[in-house]
Amino acid sequence: MVTEENFDLTELRKRIRHSAAHVMADVVTQMFPEAKLAIGPPTQDGFYYDFMVSKPFSEQDLAKIEKRMKKVIQRNHTFEYQEYDRDEALKLNSDEPLKLEIINEIPSNEKITTYKHGTFEDLCAGPHVKSTGEIPAFKLLNVAGAYWRGDETQPMLQRIYGTAFESRDALEEHLVRLEEARRRDHRILGKELDLFSIHQETGPGLIIWHPKGAKIRGLVEEFWKNEHENAGYELVYTPHIGKSTLWETSGHLEFYAENMYAAMNMDGQDYYLKPMNCPFHITYYKTSLRSYRDLPMRIGELGTVYRYERGGVVQGLLRVRGLTQDDAHIFCRPDQVESEINGVLDLTFHLLSSFGFKEYEIMLATKPEKSVGSDDKWQLATDSLRRTLDSRNTEYSVDEGGGAFYGPKIDVHIKDALGRKWQITTVQFDFNLPDRFGLTYVGEDSAVHQPYMIHRALLGAMERFMGILIEHYGGAFPTWIAPVQVKVIPIAERHNSYGQQVTSLLVNSGIRADLDDRNERMNFKIRDSQIQKVPYMLVVGDKEVETSTLAVRSRSAEDIGVLTTEEFKSRVLAEINSRI
RNA sequence: GCCAACGUAGCUCAGAGGCAGAGCAGCUGUUUCGUAAACAGCAGGCCGUGGGUUCGAUUCCCACCGUUGGCUCCA
């Protein structure tokens, strides 16, 4: 362990990982002399090194590399720092075309430095641990193709991922966390809990919601609708396809065509599946002459859109081709922008915290180089976003130039139960569409003005949000959205009718209760309900029938004890109402 | 799209150039049971799709489709 200097843990890990990457590159170049080096940085959870090789590495190669790395670590070579002038550096790396490329991009006023351990010297800004012996625990994880500089026009390199920690225990803990993440994978839980499926026959990225998954989604949507109506939104339904002229006006055919499904031609007219809802909401706006008194108008819809995503990126519920956005468009006057943004943020945090997401990361993205809309519009919009965020005393970071070409935006990332970050909420100004569609309202001055348009999705897309929710809760949904809230478990057949009475009573009070009257032992039924992560199990046998009670068990394996049906009912209803 | 691995029963997975296998789930019985799997029997298959090699291919080769892990982290 490094002790002389009091490194902060993240810094220490960075050094360990970066050093492990060097050791790996050392071993790889020994084993595969023709391998050319690219880069090998530490990452958030580990490290990688990219190599240019003619033949990809195999799993067996990884095991061998790992073995030899251990030997290098044992030999405890010192990491030696070295400075070079440009010519020396070029000469030193004459055999490494990718390194040469990097050296040539280093500004002339910067030093060119290397780190050397044993016979392996690598162009590197450092820093490293003192010697290879100070890499206490590491593991190689997987191989993957990666483009040189992440650019698909560049050659594909082979990347080896690994991770390293300051102690065996910390490494072990990390591997357990990876395993936990795998166990919570929404695709696995989706199957186990019978929530949804995806089929080769129906098409990749297209979800079939099974009754239980549909139940959860329906409850989330119902909650979403209620909260939106409470927040002054009006909800609409719009079609799934639209004529080509609509998408010409909106600019989608010009700018978004590669994500759109091909046209369907009927009656000599081209129709397209909608990739976005905005043109329809705008069309609604235009159905009437709008006065300044009508604004703000908040038009919302759980709108299902279809987008072509490249084969390699489609994944479970997280990246799909048919998705339902929790979409809304706000049309407002310039003087209303701030309060509207505030309202959107209030609603966002209310919704997200209802699902147990309490940690947020907020990004304000400003005007990019290529953009539409006048400078003063950008100014006003960006300022109002900034002012709104400032006035809320929320922390946020600014992504300069990261806005959409049609307006600035605020993005919200959430942290789930495993501490993983997900980008979900987006609030975007749009200077483009009001122009293209010629949106207007009549002002107090009886002159015609153009409204501001804000596009926002709070949960993002229902499919993706459900995927995140499944992993966040690990499939153990809180009672208010659990597809089955209560399982009634009679011990023997003679208890079925009492079980049925209890079930009906609960169902009649709006509780999703189910009777398990299968010809199975109680233990089997309990196990089944545990696996299905049903919040409550009610065991009924001779004692309960006799005293008109229930033996209540929760899925967290707590024995809650014996309650009357009424007691249990009010307890569960209270829990449902408080959404816990 | 690109790199790699994978695709066998509803699910999880084993197998091998020569008759296709297990566990769970399903069905039929038996059992009536007190907090995480009762017992027995039965049924279940175009071995992803198409082509090639071979006397013979689910197995070997090629293509396609699909799934999984990657493709921002700048020496």
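Colleague: Where is S446 found?

Modeller: In this predicted model, S446 is in the loop between β20 (441-442) and β21 (448-449). S446 is not a glycine, yet has a positive phi of about 55°.

Colleague: What makes S446 count as exposed?

Modeller: The relative accessibility of S446 is 60%. Exposed means over 50%, so S446 counts as exposed.

Colleague: Which phi does K533 have, and where is K533 placed?

Modeller: K533 has a positive phi of about 55°, although K533 is not a glycine. K533 belongs to the loop between α16 (522-531) and β25 (536-540).

Colleague: Why does K533 count as partly exposed?

Modeller: The relative accessibility of K533 is 21%. Buried would require under 20% and exposed over 50%, so K533 counts as partly exposed.

Colleague: Where does P239 lie, and why is P239 called partly exposed?

Modeller: P239 sits in the loop between β10 (234-235) and β11 (241-243).

Colleague: What is P239 in contact with, apart from its neighbours within four places in sequence?

Modeller: P239 is in contact with K274 and F280. The C-alpha atoms of P239 and N277 are separated by 8.9 Å, and these two residues are 38 residues apart along the chain.

Colleague: What makes the peptide bond from L295 to P296 cis?

Modeller: Its omega is near 0°. P296 is in the loop between α10 (278-285) and β14 (297-306).

Colleague: Now the helix pair. How is the packing of two helices described?

Modeller: Two packed helices are described by the angle between their axes and the distance between the axes. For helix α7 (residues 211-230) and helix α14 (residues 462-473), the angle is about 110° and the axes are 11 Å apart.

Colleague: Why are α7 and α14 called roughly perpendicular?

Modeller: Angles of 65 to 115 degrees count as roughly perpendicular. The angle between α7 and α14 is about 110°, and α7 and α14 are therefore roughly perpendicular to each other.

Colleague: Which residues make that contact?

Modeller: From α7, G213, I216, R217, V220 and E221; from α14, M462, E463, F465, M466 and L469. Sorted by class, the contact of α7 with α14 has six nonpolar, one polar and three charged residues.

Colleague: What makes α14 mostly covered?

Modeller: Eleven of the twelve residues of α14 are buried. Among them are M462, F465, M466, I468, L469 and Y473.

Colleague: How do you know that the span of α14 agrees with its number of residues?

Modeller: At 1.5 Å a residue, the twelve residues of α14 should span 16 Å, and its end C-alpha atoms are 16 Å apart, so the values agree. G474 follows α14, and its phi is positive, near 60°.

Colleague: What should helix α11 (residues 337-354) span, and how far apart are its end C-alpha atoms?

Modeller: At 1.5 Å a residue, the 18 residues of α11 should span 26 Å; the end C-alpha atoms are 26 Å apart, so this agrees. Just after α11, G356 takes a positive phi of about 85°.

Colleague: Which residues of α11 are buried?

Modeller: The buried residues are V337, E340, I341, V344, L345, L347, T348, F349, L351, L352 and S354.

Colleague: And the chain as a whole: how is chain A divided?

Modeller: Chain A is divided into domain 1 (9-169), domain 2 (189-238 + 277-473) and domain 3 (479-577). The centres of domain 1 and domain 3, taken over C-alpha atoms, are separated by 58 Å.

Colleague: How many helices and strands are there in chain A, and what does its C-alpha trace span?

Modeller: There are 18 helices and 27 strands. The C-alpha trace spans about 85 × 75 × 50 Å along its principal axes. Of the 580 residues of chain A, 49% count as buried.

Key. Residues numbered from 1 in each chain as written. Chains lettered and ligands numbered in written order. Predicted model: local features only at pLDDT ≥ 70, side-chain atom pairs only at ≥ 80, totals over all residues. Heavy atoms only, no water. Axes fitted to C-alpha atoms, helices over the stretch in contact; angles between N-to-C directions. Helix = DSSP H or I, 4+ residues; strand = E, 2+ residues; numbered from the N terminus. Parallel < 35°, antiparallel > 145°, perpendicular 65-115°, else oblique. Contact = heavy atoms within 4.5 Å. Nonpolar A, V, L, I, M, F, W, Y, C, P; charged D, E, K, R; others polar. Domains from an automatic or database assignment. Expected span 1.5 Å × (residues − 1). Buried < 20%, exposed > 50% of the residue type's maximum accessible area, 1.4 Å probe, protein only.
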